[in-house]
Amino acid sequence: MARRYHSALPGFGLAMGWTVTWLSLIVLIPLATLVWKSGSLGWDRFWELASSPRAVASYKLTFGAAFLAATINAVFGTIVAWVLVRYRFPGRSVIDALVDIPFALPTAVSGLALTALLAPNGWIGGLLHDLGIQVVFTRAGIVLALVFIGLPFVVRTVQPVLAELEPELEEAAAVLGATRWQTVTRVILPVVAPSILTGFALAFARAVGEYGSVVFIAGNRPMETEITPLLIMTRLENYDYAGATALALVMLVASFAMLLAINALGGWSRRRAEAT
Amino acid sequence: MTSETRTEPRWVRSLLGGIAVVFVGLFVAVPVATILHQAFSKGLDTYVAAIQDPAAEAAIRLTLTVALIAVPLNLVFGVAASWAIARFRFRGRALLLTLIDLPFAVSPVISGMIFVLLFGLHGVLGPWLRAHDLQVIFALPGIVLATIFVTFPYVARELIPLMEAQGGEEEEAAVVLGASGWQMFRWVTLPKIRWGLLYGVILCNARAMGEFGAVSVVSGHIRGRTNTVPLHVEILYNEYNYAAAFAVASLLLVLAFGTLIARRIVERHTADAMPLPPAARVEKS
């Protein structure tokens, strides 16, 4: 894109002034309050609250379940994107439309639907129950809820990259004697890999902070199925603001690091795509 | 597409197609069907009664009120931010873009909590608010603030890539020909960005009406007064009133479908496929 300086255009002062004012009032000052409140705890107190056994158990669960769910989405999301871009079959547009549902459905509704579905008297939970598998109120249930909300991220990040792939690349590989498997793993996958990784990171970041779709299915037992956002909520409800603040700061720092990583990945992914 | 060199053996295609259909079917279609099945499990009368319940109607009114305040405010912010960022180059521009994205990265629970730390009874401004008999937390202002926070980037994130792609030549021409700033915006910029703007507003509205975590922290769950529709659904569910919970939840399902249909309509009026917000950040920033 050509870099132009539209210095002749009016309204910079007004637009910029309003942007910075609104950003400060709604986002920066409230977030700064959180950082300031944690600072006022003092390092020893902060560390004690942030590293309590119950908090550490919640971090392990939150980040572990998010990682597992994002990995599942990276694998299956890539397959879904591939099928949507490459194959034509009846019902394709229905599948394509369904992929966006987890974006648009309020999280509480997703949580209720998955819980009802997987409960022992639900459609799928009933089948699993007969096999002796319990999903609701276990860690497996948390992972399934996070797979649901993360599903669109990988598909919608990989899909456009696959769609813009030059056919010449694959034809050249085939003409040069590569098998189809070699073409897919050595030619297509390296080009698509950055977008899969970006989709993974987006799904992971979303899953780490997720609350609504998880609380109904998780059972929320301390040390076992209690995610960090829920532990923060519990602390708030008990007016334990110090405890909630310490946990929230840990989460905030993690989210900010992920945001920077995703932006860097996005840049890499774009340069990679443009280079091919 | 079907040329020999660019496709897999038939059994591989069937296998991958099958995996995709089963995965999306199990994870999306079946849960959606469950909502409708549960909502109508006790018959149409129960469904209608659940939605016409005074507490449900109060929740619907509150949700509409919150969206009616939060969405226009973020609309104005989105237009201002995208005008500044897409039409001018200045120091700190990349930082500003990242800061606008921040609410996407923050957990909903933290999004609500920061306003409790500011305006709650023991918050920074708590004593002052109490002295002046003002209530923010566990009242409408807190719910509106948390909603504005979680929907903060939506409109700006739709408009910035759109306006960058369009360029500002027409606006420059209008100004050179003597248009005032307002005339330029009203007759040149607004017609250019209206579909992108509409799409941003639709997404912003869907999130505003459906937000659960952030609003849950600041609402206080006072039935008939500070319960939004998602919170009302939660309460009904926790009272084991499943049919009613899913009946009210089905209203939010309709909102989700409406949002996706509106997206298709907007896409038809624009050349580009409209990405949903997080994807927009990756592809176009």
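What is the mean pLDDT of chain B, and what share of its residues reach 70 or more? The mean is 89, and 93% of the residues of chain B reach that mark; pLDDT is the predictor's confidence in each residue, from 0 to 100. This is a predicted model, in which local features need pLDDT of at least 70, side-chain atom pairs count only at pLDDT 80 or more, and totals for chains, interfaces and linings use all residues. Residues are numbered from 1 along each chain as its sequence is written, while chains are lettered from A and ligands numbered from 1 in the order in which they are written.

**Figure 1. Confidence along the two chains.** Over residues 278-285 of chain B the pLDDT is below 50, yet this stretch has 21 contacts in the model beyond near neighbours in sequence. Two residues are in contact if their C-beta atoms, placed from the backbone, lie within 7 Å. Chain A has a mean pLDDT of 90, with 96% of its residues at 70 or more. The model as a whole scores ipTM 0.89 and pTM 0.90.

Figure 2. Chain A has 13 helices and zero strands, and chain B has 14 helices and zero strands. Helices (H or I, at least four residues) and strands (E, at least two) are DSSP runs, numbered from the N terminus. The C-alpha trace of chain A spans about 70 × 65 × 30 Å along its principal axes, and that of chain B about 70 × 60 × 30 Å. Buried residues make up 48% of the 276 residues in chain A and 49% of the 285 residues in chain B. Here a residue is buried if 20 or more other C-beta atoms lie within 10 Å of its own, exposed if 12 or fewer, and partly exposed in between, with C-beta atoms placed from the backbone. Of the contacts in chain A with a separation of 6 or more, 78% join residues 24 or more positions apart; in chain B, 74% of the contacts between residues at least 6 apart join residues at least 24 apart.

**Figure 3. Where chain A meets chain B.** The contact takes 85 residues from chain A and 82 residues from chain B. Helix α1 (residues 12-39) of chain A gives the most to the side of chain A that touches chain B, with 14 residues. That side divides into 65 nonpolar, 13 polar and seven charged residues. In this count Ala, Val, Leu, Ile, Met, Phe, Trp, Tyr, Cys and Pro are nonpolar, Asp, Glu, Lys and Arg are charged, and the others, Gly among them, are polar.

Figure 4. Buried residues of α1(A) include A:Trp22, A:Ile26, A:Pro30 and A:Thr33. A:Thr33 counts as buried because 21 C-beta neighbours lie inside 10 Å. Not counting residues up to four places away in sequence, A:Thr33 touches B:Ile114, B:Leu117, B:Leu118 and B:Val124. A:Thr33 and A:Thr245 are 212 residues apart in sequence and 9.9 Å apart in space, C-alpha to C-alpha.

**Figure 5. The setting of A:Ser255.** A:Ser255 is found in helix α13 (residues 241-275) of chain A. Is A:Ser255 buried or partly exposed? A:Ser255 is partly exposed, because 19 other C-beta atoms lie within 10 Å. Leaving aside neighbours within four places in sequence, the contacts of A:Ser255 are A:Ala205, A:Gly209, B:Ala105, B:Val106 and B:Ser107.

**Figure 6. The largest nonpolar core.** A nonpolar core is a set of buried Ala, Val, Leu, Ile, Met, Phe, Trp, Tyr and Cys residues joined through C-beta atoms within 7 Å. Of the 172 residues in the largest one, A:Val80, A:Leu112, A:Leu146, B:Met113, B:Val248 and B:Ala249 touch the most other members. This core draws at least three residues from each of domain 1 (1-39) and domain 2 (44-284) of chain B, with domain bounds that come from an automatic or database domain assignment. Beyond neighbours within four places in sequence, A:Leu112 is in contact with A:Phe216, B:Val233, B:Tyr237, B:Ala245, B:Phe246 and B:Ala249.
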